[in-house]
Amino acid sequence: MTSVDIRPQQGFYDIVYRRRDTRREFTGEPISDDVLVRVLSAAHAAPSVGMSQPWDFVLVRSRKTLARFRDHVACERERFSAGLEGERASTFSRIKIEGICESGLGIVVGYDPTRGGPHVLGRHAIDDAGLYSVICAIQNLWLAATAEGLGVGWVSFYREEFLGALVGMPEHIRPVAWLCVGRIADLPETPDLEREGWRCRDPLATVVHHERYLAH
């Protein structure tokens, strides 16, 4: 398949391709309440299985909490790094994995499987459909933030039980993501992991199949 021609007037596609997982670019400038409400409203408008809306958003601005989570992530980074060798270890050492304190705002996204009651329409055969719904909300949030000139960084170097306890989530709510959200100086042209040589984006043709899955 050939590449897609994206015309400048196609604003939605511009946002999709401009979106980045932000780390180094945060300025620390606070986000106005009206912008934050628009971004969260876009997330809350996401599709969800059985209209269950199984997401929660915990907004974290406390410097103490941000620092505690940063320190936890640093420990998990060390654990991961300890299993790397040679060129892979060298490449990873150059990659910044979080902007927790620099962004000034963490949005913890939780998944509540009890939302919508015991009989969620459409989830009877695929229990993870509720979790997929939360991911849709995160994507909406990310694209809206990009449109507003904000950066978003998804931090995944954490233990779920630690993060849940840190922000006081009940045991049945699963912390799906910590998103660093904030004003940024700019957005890099090339994603960090690609620029640092960790991985490159595969061509579309390698993941598209017709009628049946065929190994490429």
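R159 has a relative accessible area of 38%, so R159 is partly exposed. The model that shows this is predicted. The partner of R159 is E76: their side chains meet in a salt bridge, with N and O 3.1 Å apart. E76 sits in helix α3 (residues 63-82), while R159 sits in the loop between β3 (150-155) and α7, so this pair ties together parts that are 83 residues apart in sequence. The two ends of the bridge can be compared by their accessibility. E76 is at 9% relative accessibility and therefore counts as buried. R159, at 38%, is partly exposed.

How many salt bridges does the structure hold? There are 13. A second one joins D127 and R123, whose closest N and O atoms are 3.7 Å apart. Here D127 is exposed, because its relative accessible area is 52%. R123 counts as buried, because its relative accessibility is 14%. Salt bridges also form a network, and this network links D34, R38 and E148.

The side chains of D21 and R23 meet at 2.9 Å, N to O. D21 is partly exposed, because its relative accessibility is 32%. R23 is buried, because its relative accessible area is 8%. Both residues return in the lining described next.

The largest pocket has a volume of about 710 Å³. It is lined by 21 residues, and those closest to its centre are D21, R23, P191, L193 and W198. So the salt-bridged pair D21 and R23 is among the residues closest to the pocket centre, given the listing under the pocket definition. Which element gives the most to this lining? Helix α8 (residues 192-195) does, with 3 residues.

Next comes the backbone. M51 is not a glycine, yet its phi is positive, at about 55°. M51 belongs to the loop between α2 (33-44) and β1 (55-60). Is M51 buried or exposed? M51 counts as exposed, because its relative accessibility is 63%. E211 is another non-glycine residue with a positive phi, in this case about 75°. E211 is found in the segment after α8. With a relative accessible area of 84%, E211 is exposed too.

The loop that holds M51 also holds S52, between α2 and β1. S52 is buried, because its relative accessible area is 5%. M51, in contrast, is at 63% and exposed. In sequence, S52 and G130 are 78 residues apart; in space, their C-alpha atoms are 7.7 Å apart.

Two further pairs bring separate parts of the chain into view. R61 lies in the loop between β1 and α3. R61 is partly exposed, because its relative accessibility is 46%. I173 lies in the loop between α7 (160-166) and β4 (174-183). I173 is buried, because its relative accessible area is 12%. I173 and V108 are 65 residues apart in sequence, with 11 Å between their C-alpha atoms.

Return, finally, to the opening bridge. E76 and R159 meet at 3.1 Å, N to O.

Methods:
Residues numbered from 1 in each chain as written. Predicted model: local features only at pLDDT ≥ 70, side-chain atom pairs only at ≥ 80, totals over all residues. Heavy atoms only, no water. 1 Å grid on protein atoms, 1.4 Å probe; cavity = no way out; pocket = protein on both sides within 12 Å on 5 of 7 lines; lining within 4 Å. Points joined across faces, edges and corners; volume = space filled by probe spheres on them. Helix = DSSP H or I, 4+ residues; strand = E, 2+ residues; numbered from the N terminus. Buried < 20%, exposed > 50% of the residue type's maximum accessible area, 1.4 Å probe, protein only. Salt bridge = Lys/Arg side-chain N within 4 Å of Asp/Glu carboxyl O.
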